[in-house]
Amino acid sequence: MIAFEPTPEQRTLRDALRGEMQQVQEAALRGDRRPGAVLPPEELCAFIGRHRLGAMLVPAAYGGLEYDYVTVAVVLEELAVGCAGLAAMVAATLHAVAPILIAGTTAQRDLFLPLVVDDPGLAGFALTERHAGSDIMALKTSIKRSGAGYTVGGAKCSVINAGLARFYLVFGTSGAAKGRAGLNAVVVPASAPGVEVGPPEDKVGLRNAPTAEVVLREVFVPAEHLIGVEGGGYLLLMQTLDRGRAFSAAVAVGVARAAFEAALAYARERRQFGRPIIRNQGISFALAEMATEIEAARFLVWHACRLIDLDEDYTRAAAMAKLFSALVAERVASQAMDVFGRYGYNRTYAVDKLWRDAKALATVEGTHNVMRMVIASLL
Ligand SMILES: Cc1cc2nc3c(=O)[nH]c(=O)nc-3n(C[C@H](O)[C@H](O)[C@H](O)COP(=O)(O)OP(=O)(O)OC[C@H]3O[C@@H](n4cnc5c(N)ncnc54)[C@H](O)[C@@H]3O)c2cc1C
């Protein structure tokens with residue numbers, strides 16, 4: 001069966017969240033406008049905790065919401081309409097939880113899943129390093145056998161939820177010479193001795209998503225914190241990244257929709273030359289293209305998520321969804337800025353936030369070129 005519409009349950013959920021988005025937008029704008037790098041407004045963390053958003057994929061037996069991936073995409077789009085930073089905090093948590101759901105033992109699920117159910121239930125995904133961005137095989141963080149467990153040493157950059165997370169899902173190597181066979185994934189509790197969080201990064205966009213370096217000073221974790229088999233981290237990482245890309249794409253659709261809706265409302269209200277500017281084809285045609293691209297992006301996202309739900313091959317679909325949606329978000333947000341004229345640029349409206357948030361999505365979860373590399377390799 002091919003379904004292009006959300007189910008009644010998904011609609012109810014979406015509409016309930018939509019009703020709360022104005023409050024979220026107000027808090028988000030306050031957070032975004034603060035100078036320097038600061039933690040998100042408390043209302044945003046409280047919102048995540050109240051709705052157990054970090055536990056959307058967690059089985060009900062653990063107190064989670066047990067949503068399928070399509071439903072999560074529907075939710076992330078709504079959240080991103082309210083605030084992409086908020087959506088990014090949730091997506092990062094889902095990203096950190098994914099390896100536990102994919103390869104975790106029952107004991108590991110018992111141990112770690114409740115941590116994202118409890119308020120505010122955030123986790124961090126720690127992969128990127130100073131010299132290892134797109135090139136993940138350049139990772140230097142070491143995860144080495146040590147007595148009854150492992151020691152983890154290194155520094156992870158740009159970790160969303162750093163400082164607020166209950167745990168970090170850390171990828172590292174047991175020896176660079178081993179290549180892919182040396183990659184491992186471990187859960188590092190935020191409270192473990194030797195975990196240090198740097199100051200929040202002062203970012204251009206996603207300013208409500210706290211992002212910082214996480215330094216791991218020979219942190220000891222018990223053996224049961226290794227997710228999957230020793231040396232099996234590469235496959236786990238690939239599966240996790242693919243899923244994360246589908247989620248990041250859903251966030252991009254939300255940002256694009258927020259920019260489109262703002263531009264449409266403004267174009268109807270703003271009058272020049274004696275009539276609303278939307279009465280000019282130069283504006284209405286741009287809006288028509290924005291609406292079309294957003295629909296197309298959403299279907300790519302749902303398609304990728306549906307493949308994940310069906311446990312079919314989703315790598316190419318997720319990369320296509322991420323590439324296209326992030327490009328659409330950038331394009332739509334930029335065009336929306338143009339529709340607002342000087343009122344977009346002087347920050348009278350919030351459209352500049354959407355423009356800056358959209359730009360981040362070009363890089364988060366892999367750059368446009370990395371998506372192109374993945375798609376090209378699967379043509
Ligand atoms: C807001 C934000 C939040 C983030 N959150 C997290 C997080 O929570 N956890 C985490 O682990 N990481 C996180 N990241 C890091 C993110 O995953 C990386 O920034 C991303 O993978 C790109 O790495 P890089 O920035 O080092 O760029 P680089 O890899 O240095 O790339 C620089 C440029 O070169 C291009 N390029 C590189 N190699 C090639 C190639 N072979 N062919 C063509 N072009 C190429 C890239 O497309 C890019 O345009 C975050 C980043 C941002 C911006």
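Contact here means heavy atoms within 4.5 Å. The model is predicted: local features need pLDDT of at least 70, side-chain atom pairs count only at pLDDT 80 or more, and totals for chains, interfaces and linings use all residues. Residues are numbered from 1 along each chain as its sequence is written, and side-chain values use heavy atoms, with hydrogens and water left out.

Figure 1. Leaving aside neighbours within four places in sequence, Met56 is in contact with Leu65, Glu66, Tyr67, Val72, Val75, Leu76, Val90 and Leu94. A nonpolar core is a set of buried Ala, Val, Leu, Ile, Met, Phe, Trp, Tyr and Cys residues joined through side-chain atoms within 4.5 Å. Buried means under 20% relative accessible area, exposed over 50%, and partly exposed in between (1.4 Å probe, protein chains only). The largest such core has 111 residues, and the members that touch the most others are Met56, Leu76, Leu79 and Val301. Its main contributor is helix H6 (residues 233–269), with 20 residues. Helices (H or I, at least four residues) and strands (E, at least two) are DSSP runs numbered from the N terminus. A second, separate core holds 19 residues, among them Val188, Ala192, Leu216 and Val221.

**Figure 2. The contact of helices H1 and H2.** The axes of H1 and helix H2 (residues 42–50) come within 9 Å and cross at roughly 150°. H1 is therefore roughly antiparallel to H2. Axes are lines fitted to C-alpha atoms, for helices over the stretch in contact, and angles run from 0 to 180 degrees between N-to-C directions. Angles under 35 degrees count as roughly parallel, over 145 as roughly antiparallel, 65 to 115 as roughly perpendicular and the rest as oblique. H1 contributes Leu17, Glu20, Met21, Val24, Ala27, Ala28 and Arg30, while H2 contributes Glu43, Leu44, Phe47 and Arg50. By class, this contact has 7 nonpolar, no polar and 4 charged residues. Ala, Val, Leu, Ile, Met, Phe, Trp, Tyr, Cys and Pro count as nonpolar, Asp, Glu, Lys and Arg as charged, and the others, Gly among them, as polar. The buried residues of H2 are Leu44, Cys45, Phe47, Ile48 and Gly49, and they pack against H1, helix H3 (69–82) and helix H4 (84–103). Just after H2, Arg52 takes a positive phi of about 50°.

Figure 3. Asp32 lies in helix H1 (residues 8–33) and is buried, with a relative accessible area of 3%. Not counting residues up to four places away in sequence, Asp32 touches Arg207, Asn208, Lys353 and Arg356. The axes of H1 and helix H10 (residues 351–360) come within 11 Å and cross at roughly 75°, so the two helices are roughly perpendicular to each other. Ala28, Leu29, Asp32 and Arg33 in H1 meet Asp352, Lys353 and Arg356 in H10. The classes in this contact are 2 nonpolar, no polar and 5 charged residues.

**Figure 4. Cys45 and Cys83.** A search of the whole structure finds 0 disulfides, a disulfide being a pair of cysteine sulfur atoms within 2.5 Å. For Cys45, the nearest cysteine sulfur is that of Cys83, 11 Å away, which is too far for a bond. Cys45 counts as buried at 15% relative accessibility, and Cys83 counts as buried at 1%.

**Figure 5. The surroundings of Leu113.** Leu113 is found in the loop between helix H5 (106–112) and strand S1 (123–126). Leu113 counts as buried, at 0% relative accessibility. Not counting residues up to four places away in sequence, Leu113 touches Val58, Pro59, Tyr62, Val97, Ile100, Leu101 and Gln108.
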